Amino acid sequence: MSSHRSLTAAADERKARLAKLKSLKRKAPSQEPEESSETHARTPSPPPSPSTEIALTHLSGRNYDPLSKGPKLGFEAPPTLFSSKPTLEEQAEAVAEEVRRKAKEEEEDEKGVDLFTLQPKKPNWDLKRDLERKMEMLGARTDNAVARLVRMRIESAQKTGGGEMGMDGAVLVEGVKLRQRENEDAEMI
């Protein structure tokens, strides 16, 4: 409620000031250009009354500059006067300056392209990459072939007799383990 009352009071004050200014404007004499004829004698203009002085000094639009007697151009103070943040123009200038500095450093360097930094650490990395794709396929085929051979040996051992199967099974397991170790050694190299 108090804010409503204060707003109402402020509006009433403004209306009173506007009415006072309007009445001052009406009282101000109009400045008509004097006719230049020989029949009329020139009369000195009367000194301005206090009400016209007030109107001339205090009555101006917000875009009127009384010093230049024309429209106001620009701001009285720059908008960034009390701002602590850098403007976009300042940030853009800082980035441009950094780019110029880096370009100048690169020109002074004049070493050109260093071939050792462009080369990979291991010169055969592309060969290994291409070989890995082919080895995946071959690895799967090798595992299938080993499994098929194991099945064939087990089946042949079962046909010949059960006693030998235990011996052949141990030999097969050792063979598979040996094959796995060989694969691991080949991958490490």
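**Paired charges and their surroundings**

Author: Asp 130 counts as partly exposed, with a relative accessibility of 34%; this class lies between buried (under 20% relative accessible area) and exposed (over 50%), using a 1.4 Å probe and protein chains only. The partner of Asp 130 is Arg 129, and the closest N and O atoms of this salt bridge are 3.4 Å apart. A salt bridge here is a side-chain nitrogen of Lys or Arg within 4 Å of a carboxyl oxygen of Asp or Glu. Arg 129 is also partly exposed, because its relative accessible area is 37%. Elsewhere, salt bridges with shared partners link Glu 93, Glu 97 and Arg 100 into one network.

The model is predicted, so local features need pLDDT of at least 70 and side-chain atom pairs count only at pLDDT 80 or more, while totals for chains, interfaces and linings use all residues. Residues are numbered from 1 along each chain as its sequence is written, and side-chain values use heavy atoms, with hydrogens and water left out.

The structure holds 5 salt bridges. One of them joins the side chains of Arg 100 and Glu 97, at 2.8 Å from N to O. Both residues sit in helix α3, which covers residues 88-109, and they are 3 residues apart, about one turn of the helix. Helices (H or I, at least four residues) and strands (E, at least two) are DSSP runs numbered from the N terminus. Arg 100 has a relative accessible area of 45%, so it counts as partly exposed. Glu 97 is partly exposed too, at 44%.

Helix α3 also holds Glu 105 and Arg 101, which are 4 residues apart, about one turn of the helix. Their side chains form a salt bridge of 3.1 Å, N to O. Glu 105 is partly exposed, with a relative accessible area of 44%, and Arg 101 is partly exposed at 42%.

Glu 106 lies in helix α3 as well. With a relative accessible area of 62%, Glu 106 is exposed. Together with Glu 107, Glu 108 and Asp 109, Glu 106 forms a negative surface patch. Patches are made of residues with over 30% relative accessible area and no salt bridge, like charges being joined within 9 Å and nonpolar side chains (Val, Leu, Ile, Met, Phe, Trp, Tyr) within 5 Å. Asp and Glu count as negative and Lys and Arg as positive, with His and the chain ends not counted. The place of a charge is taken as NZ of Lys, CZ of Arg, CG of Asp or CD of Glu.

A nonpolar surface patch is formed by Leu 131, Met 135 and Leu 138, with about 280 Å² of accessible area together. Accessible areas come from the Shrake-Rupley method with a 1.4 Å probe, and for residues only the protein chains shown count as cover. Leu 131 belongs to helix α5, residues 125-160, and is partly exposed at 48% relative accessibility.

As for the chain that carries these side chains, its secondary structure comes to 6 helices and 2 strands, in the order α-α-β-β-α-α-α-α. Of its 189 residues, 4% count as buried. The accessible surface of the chain comes to about 18,400 Å², and 57% of this belongs to carbon and sulfur atoms.
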